[in-house]
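Please find below a colleague's note on the model under review. The comments are set out as numbered points.

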Amino acid sequence: MIVQGIIASSTTNSTGPSVLSGSVVSLMSNDSITDPISFTAEPYTVIVVASGSETADATPALITDITGMGLTWFQRSSYTDPDSPCGQTAEIWYAINNTGSTISDTITITFDNVVDDQSTVISYYKNCNLTTPWTSSGPSYSNSKNGVNATVTMNIAESNTIGIVFFAIPNYGNDNGLNQNPGYAQGWKNVNYVENGGASFWEYVNMSYREFSTPQTNLVVNSSGDLTWSGIQDSGLTTIA
């Protein structure tokens, strides 16, 4: 699991609280390059790509490049579950549309290994600090195995942020700790989710978010159910107060 946070500042061209403005999902099996994913983002927004993947040979499939929308893409975080027998990996990348134009294009993700199954959630956010979109704290990482409730601890140093939690879970050996549900962060809002059962081990992902007006210290984020072999990340986007 990954927990992250997006931040607040007057260095954007919009005002008001940070807002989730749209999302799409895609899935891939037995390949190393996704099909082009159609996406539209409004002006002055942060676009976030969250990817979960697992492999048949247990060697993680890591993102080497993201292209599309005429933007430059950056890695925010990458976490491979050290206990996973199938290279379970969660990554978050982002790009910034710092223009006055809406962009409609496709996004393609390339990996350094063939995945067994891979799932993507793409979303974008208004009213963010386009100069420093991520909080100075985090990201945080955690994992869970043997079908237990997953937790991760979030810290966000800044005020007026939107926290992001990303669960990425395989179904290795038919050991589906999610009971056909990709799960979510308890008490958080859902961005989107994917259930990819296309190949051997499956790949379920869920992305959740929550707004915070004050800094957060040692905030424990819980999964909605028991997870097996999960990779968890969190962080925060900085927003306009």
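The points below cover the basis of the model, its salt bridges, aromatic pairs, nonpolar cores and backbone angles.

1. Basis of the note. This is a predicted model, in which local features need pLDDT of at least 70 and side-chain atom pairs count only at pLDDT 80 or more, while totals for chains, interfaces and linings use all residues. Residues are numbered from 1 along each chain as its sequence is written, and side-chain values use heavy atoms, with hydrogens and water left out.

2. Salt bridges. A search of the whole structure returns 2 salt bridges, the term denoting a side-chain nitrogen of Lys or Arg within 4 Å of a carboxyl oxygen of Asp or Glu. In one of them, the side chains of K126 and E42 meet at 3.3 Å, N to O. These partners lie 84 residues apart, K126 in strand 9 (residues 117–126) and E42 in the loop between strand 3 (37–41) and strand 4 (45–54). Strands here are DSSP runs of E with at least two residues, numbered from the N terminus.

3. Surroundings of K126. The K126 and E42 side chains are also joined by a polar contact of 3.3 Å. A polar contact is a pair of N or O atoms within 3.5 Å; within protein, one must be able to donate a hydrogen and the other to accept it, and residues adjacent in sequence count only if both atoms are side-chain atoms. K126 counts as partly exposed at 28% relative accessibility, and E42 is partly exposed with a relative accessible area of 28%. For these classes, buried means under 20% relative accessible area, exposed over 50%, and partly exposed in between (1.4 Å probe, protein chains only). The C-alpha atoms of K126 and Y44 are separated by 6.8 Å, although the two residues are 82 residues apart along the chain.

4. The E211 and K189 pair. The side chains of E211 and K189 form a salt bridge at 3.3 Å, N to O. It links E211 in strand 14 (residues 203–212) with K189 in strand 13 (residues 189–196), 22 residues apart. E211 is partly exposed at 36% relative accessible area, and K189 is partly exposed at 44% relative accessibility.

5. Aromatic pairs. The structure holds 5 aromatic pairs. Rings of Phe, Tyr and Trp (its six-membered ring) pair if their centres lie within 6.5 Å; planes under 30 degrees apart count as stacked, over 60 as edge-to-face and the rest as tilted. The rings of F74 and Y94 have centres 5.7 Å apart and planes at 35 degrees, so this pair is tilted. F74 in strand 6 and Y94 in strand 7 (residues 89–97) are 20 residues apart. F74 is partly exposed, with a relative accessible area of 42%, whereas Y94 is buried at 13%. Y79 and Y141 form a stacked pair, with 5.3 Å centre to centre and 15 degrees between the planes. This pair links Y79 in strand 6 to Y141 in strand 10 (residues 140–144), 62 residues apart. Y79 is buried at 15% relative accessible area, and Y141 is partly exposed at 34%. One aromatic cluster is formed by F74, Y94 and W134.

6. Nonpolar cores. Which residues of the largest nonpolar core touch the most other members? Of its 21 residues, these are F39, I47, I66, M69 and W73. Strand 3, strand 4, strand 5, strand 7, strand 8 (103–111) and strand 9 each supply at least two residues of this core, and the largest share, 4 residues, comes from strand 8. A second, separate core of 20 residues includes V46, A50, A90 and L130. A nonpolar core is a set of buried Ala, Val, Leu, Ile, Met, Phe, Trp, Tyr and Cys residues joined through side-chain atoms within 4.5 Å.

7. M69 is not a glycine, yet has a positive phi of about 65 degrees. M69 lies in the loop between strand 5 (63–68) and strand 6 (74–80), and counts as buried at 4% relative accessibility. Neighbours within four places in sequence aside, M69 is in contact (heavy atoms within 4.5 Å) with F39, T40, A41, I47, I103, D105, T106 and I107. N218, likewise not a glycine, has a positive phi of about 55 degrees. N218 lies in strand 15 (residues 216–227) and is exposed, with a relative accessible area of 53%.
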